[in-house]
Amino acid sequence: MSKIFVDACKGKPTPYTPVWMMRQAGRYLPEYKKVRAEAGSFLNLCHNPPKACEVTIQPLDIVGVDAAILFSDILVVPNEMGMKLQFVEGEGPMFDNPIKDENDLNSLLSGSDAADRLSYVYETIKLLKAQLHERDDDIALIGFAGAPWTVSTYMIEGQGTKTYNLCKKMMYSDHKLLHKILQKTTDVTKLYLSNQIKAGADVVQVFDSWAGAIEPAKYDEFSWSYMIQISDYIRENHPDTPIILFPKAVPQFIPKVYGDFDVFGVDWGTTMAYAKKHLGDRYVLQGNMEPCRLYSQKQTTKAVQKIQKVMGTHRHIFNLGHGILPDVPVENAIHFVKECQKVSKK
Ligand code: CP3
């Protein structure tokens, strides 16, 4: 049976425009918090396939989205390359031993040595596929990874950063080392996504959440070209699997986007009209409601109608323009999903 979300990714007609939300499994759902508490911690939850499955499926039942996204995190990749990861309550992710020099990089696992260690993710996907199949509601499963640049910012800074000092010091004073870090991360990520597809992921998305931290003249060199290495690898090895690339906050790069992938994720700082003008003929567009509109149902309805007017009922997937925030009322997320499905119904 063909899935509405997969069809939409391929630009085929669908009965309405499918919708999902980045970070749709997470802390805005009390049911998620309960399962995370049972698992003991966020990382334990990622390592526990049955529980990771449970929280992946929660937004399908509670919010009514048209696709499931695997529950995991972009930082499990450097974690399995050998960097010790912790999620500190209120602080976010932290690595004990950020990369300072080539020796640090060389001590990390590469290629399939790292990708094979992510077996708990592949296990979760297999379980999910079996559960989704039983439900008979045509739901696709999205696998994902972080872009090498976004993941490397954590590997170099050791944590989230506002200024990216350490990454940028490397970018401008030791670009060879930064390229080596990006390439090693790319090589693991290619295999990781390929393994996710082999385990059953129907679509894959690469998140470049911190794309906007790079100056426009350097974005292609330090990020997009690595995203394209990944999408080329997936295209070659899994030609039927749609690929979504989401680079956040790089409006100046949009006219220069290149590559053989299916869906371009539009962030909330870019208008759909602008993205459509430059990319609409070549890629299906995904997005892009400002996630904070979810605090008001009235503002949500307005934004959904506006996006639909620009995009029509074809070559579009509804989503937020970045992740849903933890204090959004669940009923407002439900409202968003219903409005998207209603406004685009043929
Ligand atoms: O989208 C989904 O529902 C699937 C699961 C998912 C998570 N993280 C779970 C998560 C996905 C796709 C991600 C991607 C991710 N992780 C990104 C890219 C997307 C984006 O939002 O920009 C980034 C930059 C990360 C790194 C990360 N993980 C940060 C900065 C944090 C802490 C901040 C935060 O949101 O809590 C995390 C933790 C994290 N990843 C949580 C969840 C549900 C919260 C952990 C908890 O339960 O406390």
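Modeller: Let's start with a definition: a polar contact is a pair of N or O atoms within 3.5 Å; within protein, one must be able to donate a hydrogen and the other to accept it, and residues adjacent in sequence count only if both atoms are side-chain atoms. This is a predicted model, where local features need pLDDT of at least 70, side-chain atom pairs count only at pLDDT 80 or more, and totals for chains, interfaces and linings use all residues. Residues are numbered from 1 along each chain as its sequence is written, and side-chain values use heavy atoms, with hydrogens and water left out.

Biologist: Which side chain has an N or O atom 2.6 Å from an oxygen atom of the ligand?

Modeller: That is the side chain of Arg27. The backbone takes part too: a polar backbone atom of Ala25 is 2.8 Å from a ligand oxygen, and a backbone N or O atom of Gln24 lies 3.1 Å from one.

Biologist: How much of the ligand does the protein bury?

Modeller: Areas come from the Shrake-Rupley method with a 1.4 Å probe. Alone, the ligand exposes 860 Å², and the protein buries 89% of that.

Biologist: And what is the phi of Arg23?

Modeller: Phi of Arg23 is near 65°, a positive value in a residue other than glycine. For accessibility, buried means under 20% relative accessible area, exposed over 50%, and partly exposed in between (1.4 Å probe, protein chains only). Arg23 has 54%, so this residue is exposed.

Biologist: Which residues does a cis peptide bond join?

Modeller: Gly287 and Asn288, with omega about -5°.
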